[in-house]
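Q: I have the model open here and would like to go through it with you. Could we take it bit by bit?

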Amino acid sequence: MPARDPLSLATVVLLFGGALAAALFVDAYRLTIVIEIAILVIFVLSIDFLVGYSGLVTFGHAGFMGVGAYALAYLSHFLGWPVGVAMLAGVALGAVSGIVIGALVTRVSGVFFIMVTLAVSMMFWAWASKARKFGADDGLGGMKRLDLTAIGIDLNSDRVFAVACIVLAVLTYVFFLWLVRSPFGQTLKAIKQNENRARAQGCPVQHYKVAAFAVAGAVAAFAGELHLQNTRFVHPEVAHWIRSGEGLIVVIVGGAGTLAGPVIGGFLFVLFHRVVESFTAHWQIWMGLMFVAIVLAAPDGLYGRLQSLLGARRAAPERRAADA
Amino acid sequence: MELVNFLGIQLLNALWLSALFFMLAVGLSVVFGLLDVLNLAHCTLYMIGAYIGYTIVGLVDSYWFALLVAPVAVTAIGAVLYLVLLRRLRGNHLVQALVTFGLLFVGYDAARMIWGVEQFKIAEPTLLTESFPIFGQKYPFYRLFVFGVGLATALALYLGLDRTRLGAIVRAGVDDRETAAILGINIDRAFFIVFCIGTALAGFAGVLAAPIRTIEPGMDVEILIPALIVVVIGGPGSLKGAVLGAFIIATAETFGPVILPEFSSFIMYAVMAGVLLVRPQGLLPVRPAH
């Protein structure tokens with residue numbers, strides 16, 4: 001990514017600005033759409049950090065959302081911790097599980113990697129759907145949102161919560177923008193382009209991959225915590241591999257290896273889902289066909305296509321690597 | 001004696017389940033290992049096989065006819081899928097995984113649109129409705145039949161790969177695709193046939209499973225994970241690996257809930273993690289590790 005990218009900036013400012021305006025003015029039903037978009041964007045940015053920037057194609061990232069959601073539910077609901085503290089602990093747990101799982105799954109590569117990440121996340125799902133304490137596969141309601149009334153913010157209002165989620169999505173975007181430009185992010189990119197070369201130059205490749213997992217795990221856990229607070233409900237579905245696959249699709253459709261891409265993908269996915277759903281009960285067939293069509297027609301994703309349409313495409317070899 | 005009877009029944013259950021897993025996993029595995037196509041929609045074809053079988057039984061009231069015709073119909077669908085989509089994606093695992101993942105959704109909703117959300121079963125064929133006494137209780141013949149079919153399939157595939165001309169072409173193509181092509185062998189056609197065989201087996205497995213398991217939307221995703229795990233632990237592309245993997249996972253699936261009810265849903269995944277830690281290339285890989 002070039003140091004200054006006006007197209008990327010314009011795109012995200014437009015999208016987040018639109019979402020913020022929507023959060024202030026739309027009705028209660030549409031507010032839920034805005035919240036859903038913001039949380040999905042945070043989740044898919046963390047997937048893109050692994051897939052697009054580190055070359056680690058995970059099919060199980062929703063597992064980390066599950067870790068965040070269940071950790072928060074356990075600490076705040078059962079142990080009575082303040083939600084803020086429990087959220088921090090949940091994010092930390094997401095990072096720790098990222099390290100443990102990253103150390104395990106980076107031992108294999110290629111299609112094995114896809115399958116192992118899938119299986120590990122489903123292990124969590126399998127546990128959650130039997131965990132009686134959390135209502136097993138019925139889930140458990142009555143979860144609290146973060147209490148910020150001390151500083152005059154009432155997150156129990158969906159409108160305020162929506163604004164907060166958008167602000168957090170923007171912060172996540174800025175965080176990853178900073179991270180991918182940092183020496184850490186650049187090293188990951190080098191590993192993705194040519195792992196052997198990076199290793200030959202003395203780079204501890206394995207450590208970097210595990211660290212990438214820790215970061216992505218923490219951010220996804222955070223998204224899981226927001227999801228829990230949005231629905232006030234904890235449910236194993238949050239960690240199901242279908243959700244991981246959807247997240248991956250959103251990244252690829254938007255444009256892996258760019259940060260604007262997953263943002264575009266996240267907006268489109270939720271809007272498409274809700275619009276089609278209002279016409280027909282069979283939204284999945286259209287979603288599936290759209291996935292297939294976009295993946296085939298625009299392998300660089302929609303953002304890549306946008307770049308080439310506007311002729312803004314400079315030499316960006318790393319984008320190609322998304323196909324690897 | 002109680003214990004022996006009990007374990008005996010569980011073992012019989014593990015046998016028929018491993019036959020089912022094998023017939024699905026072998027398609028996934030061979031298609032992936034030989035053709036380098038990762039088809040997440042493989043089990044969707046299994047589901048479609050079961051549904052088509054159900055429809056045929058409804059029309060002509062013959063299980064055997066359904067068992068014969070449904071795989072043919074499924075193969076036709078699979079062939080179109082391969083020619084139109086998958087063939088172009090060969091070698092690009094990420095795009096394959098995503099496209100076939102998209103097809104999972106399409107298949108799920110297509111099944112709901114055509115057959116609705118009700119649960120169906122196909123009745124066992126009249127020849128096999130009986131049970132036979134074993135381990136102190138009655139055990140349905142049909143399940144034994146499923147196991148027998150699985151065993152016969154494994155044997156036929158083994159002989160086919162080992163003894164026939166097509167098998168030799170496939171082995172040559174896997175070893176060195178370009179050299180085989182230079183020698184005038186039509187590799188693409190051979191691989192297409194292999195894909196069709198895998199697809200037919202998925203449809204076949206769908207009808208076979210229909211009297212025991214429920215036919216419903218989502219039955220594909222439910223069995224996809226064990227099938228993938230079988231492929232991973234056996235070693236992609238490995239026929240013997242698929243047999244061994246299917247038996248291990250089916251055993252874990254049947255004995256797990258009995259021995260460790262708390263952790264039953266984990267066992268399959270734990271087995272896979274363990275295998276990958278010790279042998280990342282699978283238990284019986286096609287080629288030894290480099």
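Q: Is L127(B) buried or exposed?
A: L127(B) is exposed, because 11 other C-beta atoms lie within 10 Å; the cut-offs, with C-beta atoms placed from the backbone, are 12 or fewer such atoms for exposed, 20 or more for buried, and in between for partly exposed. This is a predicted model, in which local features need pLDDT of at least 70 and side-chain atom pairs count only at pLDDT 80 or more, while totals for chains, interfaces and linings use all residues. Residues are numbered from 1 along each chain as its sequence is written, and chains are lettered from A and ligands numbered from 1 in the order in which they are written.

Q: And where is L127(B) in the fold?
A: L127(B) sits in the loop between α4 (93–115) and β1 (131–134) of chain B, where helices (H or I, at least four residues) and strands (E, at least two) are DSSP runs numbered from the N terminus. Its C-alpha atom is separated by 9.0 Å from that of F141(B), 14 residues apart along the chain.

Q: What about F135(B), which loop is that in?
A: F135(B) belongs to the loop between β1 and β2 (137–140) of chain B, and it counts as partly exposed because it has 16 C-beta neighbours inside 10 Å. Leaving aside neighbours within four places in sequence, F135(B) is in contact with N5(B), G8(B) and I9(B), contact being C-beta atoms, placed from the backbone, within 7 Å. By contrast, the C-alpha atoms of F135(B) and Q119(B), 16 residues apart along the chain, are separated by 31 Å.

Q: Switching to backbone angles, which phi does D61(B) have?
A: D61(B) has a positive phi of about 55 degrees although it is not a glycine. Most residues other than glycine have a negative phi. D61(B) lies in the loop between α2 (42–60) and α3 (63–84) of chain B, and with 10 C-beta neighbours inside 10 Å it counts as exposed.

Q: What does A136(A) show for phi?
A: A136(A), also not a glycine, has a positive phi of about 45 degrees. Its place is in the loop between α5 and β1 (140–141) of chain A, and A136(A) counts as partly exposed because there are 14 C-beta neighbours inside 10 Å.

Q: Now the chain contact: how many residues does each chain put in?
A: Chain A gives 33 residues and chain B gives 30 residues. On the side of chain A that touches chain B, α5 (111–128), α10 (241–254) and α12 (283–297) each supply at least two residues, and α5(A) gives the most, with 11 residues. That side divides into 25 nonpolar, 5 polar and 3 charged residues, where Ala, Val, Leu, Ile, Met, Phe, Trp, Tyr, Cys and Pro count as nonpolar, Asp, Glu, Lys and Arg as charged, and the others, Gly among them, as polar.

Q: Which residues does Q284(A) contact, beyond its sequence neighbours?
A: Leaving aside neighbours within four places in sequence, Q284(A) is in contact with F105(B), Y108(B) and D109(B). Q284(A) is found in helix α12 of chain A and is buried, because 22 other C-beta atoms lie within 10 Å.

Q: How do α2(A) and α10(A) cross?
A: The axes of α2 (residues 28–54) of chain A and α10(A) come within 9 Å and cross at roughly 75 degrees, the axes being lines fitted to C-alpha atoms over the stretch in contact and the angles running from 0 to 180 degrees between N-to-C directions. The two helices, α2(A) and α10(A), are therefore roughly perpendicular, a class that covers 65 to 115 degrees. Among the residues making the contact are L40(A) and F43(A) of α2(A) and G247(A) and L248(A) of α10(A).

Q: How confident is the predictor?
A: The complex gets an ipTM of 0.77 and a pTM of 0.86. On pLDDT, the predictor's confidence in each residue from 0 to 100, chain A averages 89, with 95% of the residues scoring at least 70, whereas chain B has a mean of 87, with 98% of its residues at 70 or more. Residues 315–324 of chain A call for care: pLDDT stays under 50 there.

How values were computed. Two residues are in contact if their C-beta atoms, placed from the backbone, lie within 7 Å. Angles under 35 degrees count as roughly parallel, over 145 as roughly antiparallel, 65 to 115 as roughly perpendicular and the rest as oblique.
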